[in-house]
Amino acid sequence: MTKKQKKVLVRIIVSAVLVAVFSLIPVNNPYVRLALFLIPYLIIGYDILRKAVLGIVNGQVFDENFLMALATVGAIILGEYVEGTAVMLFYQIGELFQSYAVGKSRRNISALMDIRPDYANIEQDGQLEQVDPDDVEVGTVIVVQPGEKVPIDGVVVGGTSTLNTSALTGESLPREVQEGDEVISGCVNLIGLLRIETTKEFGESTVSKILDLVENSSMKKSRSENLITRFAKYYTPAVCIGALALAVLPPVVNLMMGNPAGWSQWVIRALTTLVISCPCALVISIPLSFFGGIGGASSKGVLVKGSNYLEALSETKYVVCDKTGTLTKGVFEVTHIEAAEGLDADELLEMAAYAESYSNHPISRSLKDAYGKRTGKQIDAGRVCDVEEISGHGVSAVIDGRKVSAGNAKFMKMLDIAYTVPQNIGTEVHVAVDGRYAGYILISDIVKPNAGAAIAGLKAAGVRQVVMLTGDAGNVAEAVAAELGVDVVKSELLPADKVAEVERLLASKGEKERLAFVGDGINDAPVLSRADIGIAMGALGSDAAIEAADIVLMDDDPAKIAIAMNISRKTLGIVHQNIVFALVVKFACLGLGAVGFVNMWWAIFADVGVMIIAVLNATRTLKS
Amino acid sequence: MKKTYKIEVDCAACAAKMEEAANRTNGVKEATVAFMPQKMKVEFEEGADVSAVMAEVLKNCKKVESDCEIFI
């Protein structure tokens, strides 16, 4: 508890004890009784009364303080001393609880996002000295000990270690680093001592950028938040005027009809409605829900740049994905080996890998990688000679004295060798040994392991259509789409076509439906900014992606999109629950209060109780 | 020019009032108050005297919410 909160707590206890004691003392003189009860009333309410008066002076008439001051002063004038003091007491208890609960969740969320390094170690005369990361210049060598955070982006110049990136990505996948590797600030050094030469200033480092983004996220307010602020602006004055009418009109009507006026009864009813109608439950719980949702998402490695994007995400009906790098790894790998009769697959791969061993083309590299992985052997350059590359066709070489040719179908035709047409999709590498067909190897872009589950998750979260855009050939795209369960595929698109495609979808969708675009942020910045929500993935170390997108996935796991959608739907669900719950209880109590069925104690529940329940409900957004 | 200030305010409605008050101040182009992180972001008009404008912002905020604080 802060000092301010402790002071309020003491005032609450003192005045509660005094009220209890005074209501037990039998005092017959009404003036003495008033004087006695004014002591606890002023102890608990002096600041509210002061604020109410200041509010009137500064032209802020109808605020919560005014409501409370009016209601309690009114009750005391009518001789309801215990009720008057109790209303003030409970109002203060409610306010204290609210400020405590909000402060606590604020700190919890901030702790969740607290990846800010406090210091950097610099070696001076053999001694480590802790300095403010802001003071470290580019090119300084800093020392990061095991268990410490990397404070500034840089390159390892000494030592090897394992880094934990979970503070950034939400996943504890340790990353090995050694001399020459780039490291990103915010990671935690797990085992060895690292010397890092900084390449950026602290303010430009990944960790600062992320912190900046998260802290600014609540500046962009959602529609629900704006709605409630506007609502509160008109609601409180409306309630005050309504209460005034309730206090004055019925007695006047009574008098005109020739009945007893019943002033005190109607004034009490009016005061009750004033207490009930405090809008704090709504005003506090909605921003708290969004803050919790954004905090919960960032602990899962999903950065949401504003409450408005979290809100929009929950209304997303169309998700447009880029293929390469988003749903697929964007790395070529050997996916199928089909050896001709009399040969085994390893032998075929060995021939192809050796033939291509002098090339640095992605296809050659994937062959060499696959060879290394499958057999555990290294390429022995001495076994290869007479390498000849035929551009656009393939390579021929002499390996262990046998002439091996490896290349595409055109190459086989050129050599006049009969070849098998592959059933599956991918880039084909046909191999012939000494003029005889030996088989083919298929190489394709690998679908990410979570991609299928991610798309199923999106559908489960209410997405109507998942569209995949790609620059790849139609048959490759169709095959990937079918495997993943994508609804619509557009292939052979140039970057400009992708924008046009998104524009077309935006024009055809319903007004309340949102369209999200998911890309790797590398060359799809125009599309990211054109879509209702731009989601960039694999942002670790990519400033461009962090800048261009509205929602940033710290690693490249597509399943995070579904996680983010679920968090957004849960958050919005809680926001709506709170709005409906608070309004229903308040209007029900208001209605009953106006006709006299609700006493002051119920009114206190309708105000403080509803607010506490709404705040507790809002803190659920953190746990996802 | 944009600057971010740490603030202290007790309720979200009060934060909204501060935002309105700050936006009414001369020399402020746009001000946003975020209740949760307890921050105020102010974009100043071209050539405005930042410290004078902020003193005025604080005065206006105090008027609408007497126990708010801006750490200038």
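This is a predicted model: local features need pLDDT of at least 70, side-chain atom pairs count only at pLDDT 80 or more; totals for chains, interfaces and linings use all residues.
## Confidence

The scores of the model are an ipTM of 0.72 and a pTM of 0.74. For chain B the mean pLDDT is 85, with 99% of the residues of chain B at 70 or more.

## The open sheet of chain A

Chain A contains an open sheet of seven strands with mixed pairing, in the order E10-E22-E21-E20-E11-E18-E19. Its edges are formed by strand E10 (302-304) and strand E19 (488-490), each of which pairs on one side only. From one strand to the next, the twist averages 20 degrees.

Helix H10 (residues 307-314) of chain A lies across E10, strand E11 (316-322), strand E20 (514-519), strand E21 (533-536) and strand E22 (551-553) of chain A. The direction of H10 is at about 95 degrees to E21(A).

## A hairpin in chain B

In chain B, strand E2 (residues 28-34) and strand E3 (residues 39-44) pair in the antiparallel sense over six bridges. Opposite B:Thr32 stands B:Lys41 in E3(B). Four residues lie between the strands of this hairpin, and B:Gln38 takes a positive phi near 55 degrees there.

## The interface between the chains

How many residues of chain A are in contact with chain B? The contact involves 17 residues of chain A and 15 residues of chain B. On the side of chain A that touches chain B, the elements giving two or more residues are helix H2 (30-57), helix H4 (81-112), helix H7 (223-257) and helix H9 (280-299). Of these, H9(A) gives the most, with six residues.

The residues on this side of chain A comprise nine nonpolar, five polar and three charged.

Technical notes
Residues are numbered from 1 along each chain as its sequence is written. Chains are lettered from A and ligands numbered from 1 in the order in which they are written. pLDDT is the predictor's confidence in each residue, from 0 to 100. Two residues are in contact if their C-beta atoms, placed from the backbone, lie within 7 Å. Ala, Val, Leu, Ile, Met, Phe, Trp, Tyr, Cys and Pro count as nonpolar, Asp, Glu, Lys and Arg as charged, and the others, Gly among them, as polar. Two strands pair if DSSP finds at least two bridges between them. Axes are lines fitted to C-alpha atoms, for helices over the stretch in contact, and angles run from 0 to 180 degrees between N-to-C directions.
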